[in-house]
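Visitor: I am new here. Could you show me the sequence and structure, and then walk me through the pockets?

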Amino acid sequence: MPATQMEQLVSLCKRRGFIFQNSDIYGGLQGLYDYGPLGVELKNNIKAAWWRSMVYERDDIEGLDSAILTNRKVLHYSGHEDTFSDPMVDCKKCKGRFRADQIGGVCPNCGSTDLTEPRPFNLMFKTTVGPVVNDDNIAYLRPETAQAIFTQFKNVIDSTSRKLPFGIAQIGKSFRNEITPKNFIFRVREFEQAEMEFFVKPGEDEPWHEYWKQQRINWWLDQGLSKENFRVYDQKPDELAHYAKACTDIEYKFVWGFDELEGIANRRDYDLGNHTKNQEEFNLEAHCHENKESTTKLCVRDEETNKLYVPFVIEPSMGVDRATLAILTEAYTEEDLGEGNSRIVLKLKKHLAPIKIAIVPLKKNSAEIMNKCHELKKQLMKLGIGRVALENTGNIGKAYRRHDEIGTPLCLTVDFETIEQQPETVTLRDRDTMQQIRIATADLPAYLREYFA
Ligand code: GAP
């Protein structure tokens, strides 16, 4: 997708109600976006596809929904208070502030090379909990959803009787005070993550890492990303996060080049080890902070040796906003229809489309046609195929154009033949081929269930 098409995609997102600048009427707040009526449907469908593949279609993963505000101790012992920072520099000439590793020694604002020495800038948003503002009440907005999965590890095991290997999945908001948010919803300060922590026996971690790489590649291809826009990158040792033994990035070819959609990390026993009391009892591989405050040992018993051990963790961690941007980028298509005509189509996979079917009346001022449209909408909603929209522009051409642009797979048109002839029929128009078929309304439920299966 060329850069100009990216601008058109951003404009479509606003015009059609996918994504808006946050607090737009006050000039926005940098690095924050709001999802509009169609954006929320698309994002929910992406999250549902992830949850289905992680939780419903497997027998070894449980779900969790934890609080966003996080006890300071959690992020102290996880290492985030000390190490979750980016190198920041100031331009002494224009006073701009940037990430040192992204600007190559020259101010991107004014070109000056007169920059301060890089210094670490912690990315966590700090706040206080309760009416008294002091250091004892400091909490953070979580910078990743993962930490609560680790701190709830014991409660989940105790309440579900799970045995290793098994995982805990969570989708939710995370917050990072990025020095330079950029590229629309790619790098923002408030975003959603879909993370799964898969707990395995030490020594079995590497095959499980390979396994999850393959699972996640397949999932992304199922969401419609094409192989040529997709790359898998194994991080070099100096690129790894403070907790990781290995990490594979899944990257997508955005307008500005390949960039990260998801990281699949081998976090070893780093996190469970850090949050565990009496760490010295365990043969931990990862270097841990000494922890005298935890009340629990986050460990399991080896059934063969009867010894306690701290599991290793494999973590596929996806950015939901980045997924949304990649899926929109891939789907955005401009088609030349010949004779000076063209159209924009969002070729979204059916399961991701915000609206599954649009009911279009041939004439909006015909009471009989409108009544039939309302009746059909009620019937189709009950099928459980997703959102059914009723168009009331009264202009079929416009309705088709709008639904092509927002990725609605099917438009169903009610015309005079529908209400005058028996058996009662409607037309169904396919978004991608623009082919139309005539179908009896009695056959619609079976047809649509099969189509959206
Ligand atoms: N728990 C592991 C973890 O948080 P990460 O690589 O820092 O690892 C995982 O983040 C994913 O979260 C990234 O691959 C990306 O998709 C998404 N992500 C991270 N920072 C983001 C930001 N500022 N804006 C949007 N998405 C972000």
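Visitor: How do the residues of the lining of the largest pocket divide into nonpolar, polar and charged?

Guide: This is a predicted model, where local features need pLDDT of at least 70, side-chain atom pairs count only at pLDDT 80 or more, and totals for chains, interfaces and linings use all residues. Residues are numbered from 1 along each chain as its sequence is written, and side-chain values use heavy atoms, with hydrogens and water left out. A pocket is an open set of points on a 1 Å grid over the protein atoms alone, where a 1.4 Å probe fits, with protein on both sides within 12 Å along at least five of seven lines; lining residues have an atom within 4 Å of a point. Counting Asp, Glu, Lys and Arg as charged, Ala, Val, Leu, Ile, Met, Phe, Trp, Tyr, Cys and Pro as nonpolar, and the others, Gly among them, as polar, the lining has 17 nonpolar, ten polar and 18 charged residues.

Visitor: Which strand gives the most to the shell around the ligand?

Guide: Strands E11 (190-200), E14 (257-268) and E17 (312-319) each supply at least two residues of that shell; strands are DSSP runs (E, at least two residues), numbered from the N terminus. With five residues, the top contributor is E14.

Visitor: How far is a polar side-chain atom of Arg 176 from an oxygen atom of the ligand?

Guide: Arg 176 is among the residues that come nearest to the ligand. Its polar side-chain atom lies from the ligand oxygen at a distance of 2.8 Å.

Methods
A residue is near a molecule or strand if one of its heavy atoms lies within 4 Å of it. A polar contact is a pair of N or O atoms within 3.5 Å; within protein, one must be able to donate a hydrogen and the other to accept it, and residues adjacent in sequence count only if both atoms are side-chain atoms. Helices (H or I, at least four residues) and strands (E, at least two) are DSSP runs, numbered from the N terminus.
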